[in-house]
Amino acid sequence: METSGRRHALTLLLVDLRDPLNVGSAFRIADATGAKIVLAGTTPTPPNSKINKTARSTVRSVPYQTVVNGMDFLMSKRQEGAHLLALELTDSSSSVLSYELPQDVRDGHREVVLLPGAEAAGVAPELLAQVDAAVHLPMHGQNTSLNVSVAIGAAVYALLGQLQ
């Protein structure tokens, strides 16, 4: 199977994730989809044997950076004109399956920063207050959420369908 090596203007901002296996899975997703990763707050960072277990060497090929403060990163991206999107079920969130990215984002003129909720705590209220919109995955069973790495994968692929 041939890969395109294409990179999208999409960054996953992982703030305060607890499980290094989820971080490793996010690296796999970023590799598969051409995204970048920012690890913030208490999120485990490479080198880490548990991240490596699920990342399967993608830590070496996926562009990533670590930052101390997720809010500072988010605000810098806002100043750069990025479209800030939380992956979180809220009273005003839209299904990621029907959410339409702004036209200039779809055309590749602006970056998307996707901020998924952490395993137990979700997206911190102060971060949620700064995003342009919140999207969620529709849930039809008795649970109200998916594992964070599974949710990231589903949401990223739904969004990629809109990116040039």
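Since the model is predicted, local features need pLDDT of at least 70 and side-chain atom pairs count only at pLDDT 80 or more, while totals for chains, interfaces and linings use all residues. Numbering starts from 1 along each chain as its sequence is written, and side-chain values use heavy atoms, with hydrogens and water left out.

The protein comes out with six helices and seven strands; here helices (H or I, at least four residues) and strands (E, at least two) are DSSP runs, numbered from the N terminus. Going along the sequence, the elements follow the pattern β-α-β-α-β-α-β-β-α-β-α-β-α. The radius of gyration is 15 Å, close to the 15 Å from the globule rule for 164 residues, so the protein is as compact as a globular protein of that length. That radius is taken over C-alpha atoms, and the globule rule is 2.2 Å times the number of residues to the power 0.38. Along the principal axes, the C-alpha atoms fill a box of roughly 40 × 35 × 35 Å.

Of the contacts with a separation of 6 or more, 82% link residues 24 or more positions apart; a contact means heavy atoms within 4.5 Å.

Now for the sheet. Seven strands make up an open sheet with parallel pairing, in the order β3-β2-β1-β6-β4-β7-β5. The edges are taken by β3 (64–67) and β5 (94–95), each with a single partner strand, so one side of each is left without a neighbour in the sheet. Strands count as paired if DSSP finds at least two bridges between them. Strand β1 (residues 10–15) runs parallel to β6 (residues 112–116), and three bridges join the two. Leu10 sits opposite Val112 in β6.

Leu84 makes a handy close-up. This residue belongs to strand β4 (residues 83–87) and, at 0% relative accessibility, counts as buried. Setting aside neighbours within four places in sequence, Leu84 is in contact with Leu74, Lys77, Arg78, Val113, Gln130, Val131, Asp132 and Ala133. Thr42 lies 42 residues from Leu84 along the chain, and the C-alpha atoms of the two are separated by 21 Å.

Technical notes:
Buried < 20%, exposed > 50% of the residue type's maximum accessible area, 1.4 Å probe, protein only.
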